Amino acid sequence: MNSNIAQIFGIPVVKVENAYSLNTEELNFIKNIPYDKDNNVSSDLFLLNKYTSQFKNLKDKINECANKFIKEIICVDNDFELTNSWIARTNKIHKKHNHRNTIFSVVYYVQADNATLKFYREKNFIDETLFSDLNYKSYNNYNSKDMEFEVRTGDIMIFPGFIEHEGINHSDKEKIILGANYFIRGDVGKYENVTSLKV
């Protein structure tokens with residue numbers, strides 16, 4: 001039987017392998033950024049916009065990947081702006097969470113010897129319409145409620161901020177990421193559709 005499978009209403013998640021290699025000076029600067037030891041996140045949540053000279057090359061690469069996501073994946077010509085950016089450090093588990101007040105997020109792996117980024121959703125396409133308990137013989141992109149990506153130092157992941165995700169460090173060495181959020185700016189919608197909005 002000849003068949004083609006298409007995914008509709010997909011949620012885009014992009015992985016860019018070996019996107020950027022930090023030099024020693026950049027890595028040392030990141031490792032010395034103060035952070036809240038209770039939640040392992042940097043005290044400053046605007047790092048890329050504040051430390052423009054130290055982060056210039058990395059910020060350029062993150063913006064390049066974000067712009068490709070905007071133009072080629074979600075295919076819009078609206079303006080987006082990098083808003084928050086922070087460092088998070090993890091010894092084992094960066095617990096399940098999502099990113100509010102963002103359209104999409106970019107995560108750059110500063111230091112990750114052996115890690116995964118795991119995404120969760122409450123329902124698969126069957127559960128959206130039928131609250132069921134089916135006997136799945138195998139899991140795939142269509143029926144799974146979670147999905148994992150292996151990530152390494154230098155990789156970038158891009159995903160919508162509303163998706164719940166969890167970072168898992170399989171190494172004994174601390175995992176360090178730099179996260180960045182993007183939000184829409186300027187004119188949104190159309191006056192004739194009564195949806196016009198300035199953000």
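The legends below describe several close-up views of one predicted protein model.

**Overview of the model and how it is read.** Residues are numbered from 1 along each chain as its sequence is written, and side-chain values use heavy atoms, with hydrogens and water left out. Because the model is predicted, local features need pLDDT of at least 70 and side-chain atom pairs count only at pLDDT 80 or more, while totals for chains, interfaces and linings use all residues. The protein chain has three helices and 13 strands, where helices (H or I, at least four residues) and strands (E, at least two) are DSSP runs numbered from the N terminus. Its C-alpha atoms fill a box of roughly 55 × 50 × 35 Å along the principal axes. Of the 199 residues in the chain, 38% are buried; buried means under 20% relative accessible area, exposed over 50%, and partly exposed in between (1.4 Å probe, protein chains only). Among contacts in the chain with a separation of 6 or more, 82% join residues 24 or more positions apart, a contact being heavy atoms within 4.5 Å.

**View 1. The aromatic pair of Phe 80 and Phe 104.** A search of the whole structure finds nine aromatic pairs. Rings of Phe, Tyr and Trp (its six-membered ring) pair if their centres lie within 6.5 Å, and planes under 30 degrees apart count as stacked, over 60 as edge-to-face and the rest as tilted. The ring centres of Phe 80 and Phe 104 are 5.7 Å apart and the planes stand at 50°, so this pair is tilted. Because Phe 80 lies in strand E4 (residues 79–90) and Phe 104 in strand E6 (residues 104–111), the pair ties together parts that are 24 residues apart in sequence. Both Phe 80 and Phe 104 are buried, and together with Phe 69 and Tyr 182 they form one aromatic cluster.

**View 2. The largest nonpolar core around Leu 178.** A nonpolar core is a set of buried Ala, Val, Leu, Ile, Met, Phe, Trp, Tyr and Cys residues joined through side-chain atoms within 4.5 Å. The largest such core has 28 residues, of which Ile 62, Phe 104, Tyr 108 and Leu 178 touch the most other members. The elements that give two or more residues to this core are helix H2 (47–50), helix H3 (56–73), E4, E6, strand E9 (156–160) and strand E11 (175–185), and H3 gives the most, with six residues. Leaving aside neighbours within four places in sequence, Leu 178 is in contact with residues including Leu 48, Phe 55, Ile 62, Trp 86, Tyr 108 and Val 110. Apart from this core lies another, of 14 residues, among them Val 41, Met 157, Ile 163 and Ile 177.

**View 3. The surroundings of Tyr 120.** Tyr 120 has its place in strand E7 (residues 115–120) and is buried, with a relative accessible area of 19%. Lys 96 lies over the face of the Tyr 120 ring, at 4.3 Å from the ring centre; a charge sits over a ring if NZ of Lys or CZ of Arg is within 6 Å of the ring centre and within 35 degrees of the ring normal. The side chains of Tyr 120 and Glu 166 are joined by a polar contact of 2.7 Å. Such a contact is a pair of N or O atoms within 3.5 Å; within protein, one must be able to donate a hydrogen and the other to accept it, and residues adjacent in sequence count only if both atoms are side-chain atoms. Not counting residues up to four places away in sequence, Tyr 120 also touches, among others, Lys 145, Asp 146 and His 165.

View 4. Asn 124 lies in the loop between E7 and strand E8 (146–151), where it is buried, with a relative accessible area of 1%. Its side chain reaches the backbone nitrogen of Asp 127 at 2.9 Å and makes a polar contact, also given as 2.9 Å, with the side chain of Tyr 136. Tyr 136 is partly exposed at 26% relative accessible area, and its ring forms a tilted aromatic pair with Tyr 139, at 5.5 Å centre to centre and 45° between the planes. Tyr 139 counts as exposed, at 59% relative accessibility.

**View 5. Two loop residues with positive phi.** Cys 75, in the loop between H3 and E4, has a phi near 55°, a positive value in a residue other than glycine, and counts as exposed at 53% relative accessibility. Asn 101, in the loop between strand E5 (93–97) and E6, has a positive phi of about 55° although it is not a glycine, and counts as exposed at 67%.
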